[in-house]
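Reader: Hi, I'm new to reading structures and would like to go through one slowly. Could you help me with it?

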Amino acid sequence: MLPRLMRFADLLVGTREEGTAVLRRALQRMLAEEHRYQRGVALDVWAFGEIYRHWLGELRDHVNPMGLANIEDESFARLFGVEGEEIDMMTANFIGNLPPQQRLTLLLVYGERLDHADAGRVLDVPPETIAVRLVRITAAFADRLDPYGDESEADMVDAFYPEEPRFS
């Protein structure tokens, strides 16, 4: 499970070096607080959630949390590269420019094959928010592929699938 956790932390932070550092600190905390694990929860879902919560805690403690989100396109693209394979820079660039929560949603649902409920547990959001994020990512990627598309379609996606649920 460690390679999966490393990929999660790397994608969360944007670089392997910082991802490894965040993972190391999160694992130390998880070992020290192992009593927080609840029986019946899949270990990988719990571990992903703990790493995510640890990262959020570090962001809250940082003076300029958005300053940490500076991702260099080439180093970020290497996170997806397999030795000897060519890297699709357009896709890596698109994913690298997504907010961390959307990047993680992609990884959890398509990379780790978690269902929306488990991905929601990791990211501490309802399953509906996971579905909304995926729709928004898909719409944004379609816009990237077809820059001359109809603007009203993007407006419809925003209207029907807002990033944050609206309560009336």
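**Salt bridges and helices**

Author: Let me begin with one residue of this predicted model: E33 has a relative accessible area of 27%, so E33 is partly exposed.

Reader: Okay, and which residue forms a salt bridge with E33?

Author: The partner of E33 is R29, and the closest N and O atoms of this salt bridge are 3.7 Å apart. R29 has a relative accessible area of 24%, so R29 also counts as partly exposed.

Reader: How many salt bridges does a search of the whole structure find?

Author: The search finds eight of them. One joins R121 to D118, where the closest N and O atoms are 2.1 Å apart. These two residues sit three apart in helix α7, which means that about one helical turn separates R121 and D118. As a general point, an α-helix has 3.6 residues a turn, so residues three or four places apart point the same way.

Reader: What about D44, which residue does D44 form a salt bridge with?

Author: D44 is bridged to R4, and their closest N and O atoms are 2.9 Å apart. This pair links distant parts of the chain, with D44 in helix α3 and R4 in helix α1, 40 residues apart. In general, side chains of opposite charge can pair when their charged atoms come close.

Reader: Is D44 buried or exposed, then?

Author: D44 has a relative accessible area of 16%, and the cut-off for buried is under 20%, so D44 counts as buried.

Reader: Let me step back to the chain as a whole: how many helices and strands does its secondary structure come to?

Author: The count is nine helices and zero strands. The chain has 168 residues, of which 38% count as buried, and the chain exposes about 10600 Å², with carbon and sulfur atoms supplying 55% of that area. If you take the contacts between residues at least 6 apart in sequence, 60% of them join residues at least 24 apart.

Reader: Changing topic, where is R113 found, and what is its phi near?

Author: R113 is in the loop between α6 (100-111) and α7 (116-123). Its phi is near 60°, a positive value in a residue other than glycine. R113 has a relative accessible area of 66%, so R113 is exposed.

Reader: And what is phi of D124 near?

Author: Phi of D124 is near 60° as well, again a positive value in a residue other than glycine. D124 lies in the loop between α7 and α8, and D124 counts as exposed because its relative accessibility is 63%.

How values were computed
Residues are numbered from 1 along each chain as its sequence is written. This is a predicted model: local features need pLDDT of at least 70, side-chain atom pairs count only at pLDDT 80 or more; totals for chains, interfaces and linings use all residues. Side-chain values use heavy atoms; hydrogens and water are left out. Helices (H or I, at least four residues) and strands (E, at least two) are DSSP runs, numbered from the N terminus. Buried means under 20% relative accessible area, exposed over 50%, partly exposed in between (1.4 Å probe, protein chains only). Contact means heavy atoms within 4.5 Å. Accessible areas come from the Shrake-Rupley method with a 1.4 Å probe; for residues, only the protein chains shown count as cover. A salt bridge is a side-chain nitrogen of Lys or Arg within 4 Å of a carboxyl oxygen of Asp or Glu.
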